[in-house]
Amino acid sequence: MSKKIKVGIIGAGTIGSVHADAYAKVANAEVVALCDILPNTLAEKAKRHNIPLKYENYKDLLANPDIEAVSICVPNDLHAPIAIDAFKAGKNVMLEKPMCLNADQARKIVKARDKSGKILQMGMVRRQSNEADIIKKLIEDGRLGEVYQIRVKLIRRRGIPGLGGWFTTKARSGGGGIIDISVHALDLSMYVTGLWNPTAVSAKTYSKFGWPIENYNYVSMWAGPPKMDGIFDVDDYAAGLIRFGDKATLSFEVAWACNAQPENAIEILGDKGGVKLEGSNIVLLTEFDNRPADIKLDYDARRDGFASELEKFIGAINGENEVPATGEQGVIMMRVLDAIYKSSDLNKEVEI
Ligand SMILES: NC(=O)c1ccc[n+]([C@@H]2O[C@H](COP(=O)([O-])OP(=O)(O)OC[C@H]3O[C@@H](n4cnc5c(N)ncnc54)[C@H](O)[C@@H]3O)[C@@H](O)[C@H]2O)c1
């Protein structure tokens, strides 16, 4: 039986606000509490989103027995400790990406979920798009045949978020562009193809643009301006190859900053056809009258992915649907990310 779920949001920054706006579109959700360690941010955001209860310590929010679910929207190093505490307090957890800092932490989160019997959903919002549905169906319908190669290109020319802040401090973020933006494209690729068996990685990460901070000429930066006395000790460019057994591979190039034209594309190559997702354009690469032919698919790209994922989170709590992105898949993703960094450090291919 469907009921209204009282929600608390932990972290009132950029994505905390996005969650607040999105929950407002979910009929069975009521955001009753907000938490942030910064009193001014907390007051301003609670007022903006009309949230009645304010907490500066997340443990006080978790102690409120009326709250059944939390969205965790804090810096990456706090994902694991807060998620584990939330499960101990009997809450259902919507956890923003990346799941946490590494696979060890990810397994601990899943263990805490299992012990609590509550719901864990990962914030893989790109799955909640019409393009994800369309491409998944093309593949399931056999339009591409056997998928054997995926090409991910996620290139920002100058787009380091919060230079000098927590995003660029490895101890707080776990890494740079790889852990921050590649998760979306890698997850989408594995989701639509069903390739959840990554076996090995060969990769190299680089750090060429963020340091010294005063030398960085940024043209687009969110969570900016740069914090000149801050830290930059993470990757701003990475390239590599992920193997899925001996049947398929995924090559990737991911940059927060580099001297190349910006790109945002995923191409999936099968033996019968291919598909290219560029921004929200979908092109099917096929044949017509024995000639190669490209078909641009016409579809409505508008959909609020965040509202869609939060609706499913609330639905899962009410027993109406499965969670769309599981903790188990989150663990696989963290194992891939760990392997990318390890391969780069060791300068050789590593097993996942
Ligand atoms: N799904 C997406 O597309 C997407 C987009 C942006 C960010 N994110 C993820 O969301 C998370 C937050 O990113 P952001 O851009 O909102 O960062 P942000 O820096 O804008 O906000 C983080 C907020 O957390 C608060 N905070 C820090 N420690 C806290 C604590 N102990 N208790 C409560 N609040 C605390 C900070 O004061 C800040 O207001 C990150 O993990 C990021 O990767 C996801």
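The bridge partner of Val201 is Ile242, which lies in β9. The model is predicted: local features require pLDDT of at least 70 and side-chain atom pairs count only at pLDDT 80 or more, while totals for chains, interfaces and linings use all residues. Residue numbers start from 1 along each chain as its sequence is written.

Helices (H or I, at least four residues) and strands (E, at least two) are DSSP runs numbered from the N terminus. Strands are said to pair if DSSP finds at least two bridges between them. Two such pairings involve β9, as tabulated here.

| Strands | Sense | Bridges |
|---|---|---|
| β8 (residues 200-206) and β9 (residues 237-244) | antiparallel | seven bridges |
| β9 and β10 (residues 248-255) | antiparallel | eight bridges |

Arg243 stands opposite Thr249 of β10. β9 and β10 form a hairpin with three residues between them, and Gly245 in the turn has a positive phi of about 55 degrees.

Helix α6 spans residues 130-140, and Glu131, Ala132 and Ile135 are buried in it. These residues are on the same side of α6, because they cover an arc of only 100 degrees around the axis; the arc is taken over the directions from the helix axis to the C-beta atoms. A residue is buried if 20 or more other C-beta atoms lie within 10 Å of its own, exposed if 12 or fewer, and partly exposed in between, with C-beta atoms placed from the backbone. Lys137 and Glu140 are exposed, on the face of α6 turned away from its buried side. Among the elements covering the buried residues are α8 (177-193), β12 (274-278) and β13 (281-288); contact requires C-beta atoms, placed from the backbone, within 7 Å. Just after α6, Gly142 adopts a positive phi of about 80 degrees.

Methods. Two residues are in contact if their C-beta atoms, placed from the backbone, lie within 7 Å.
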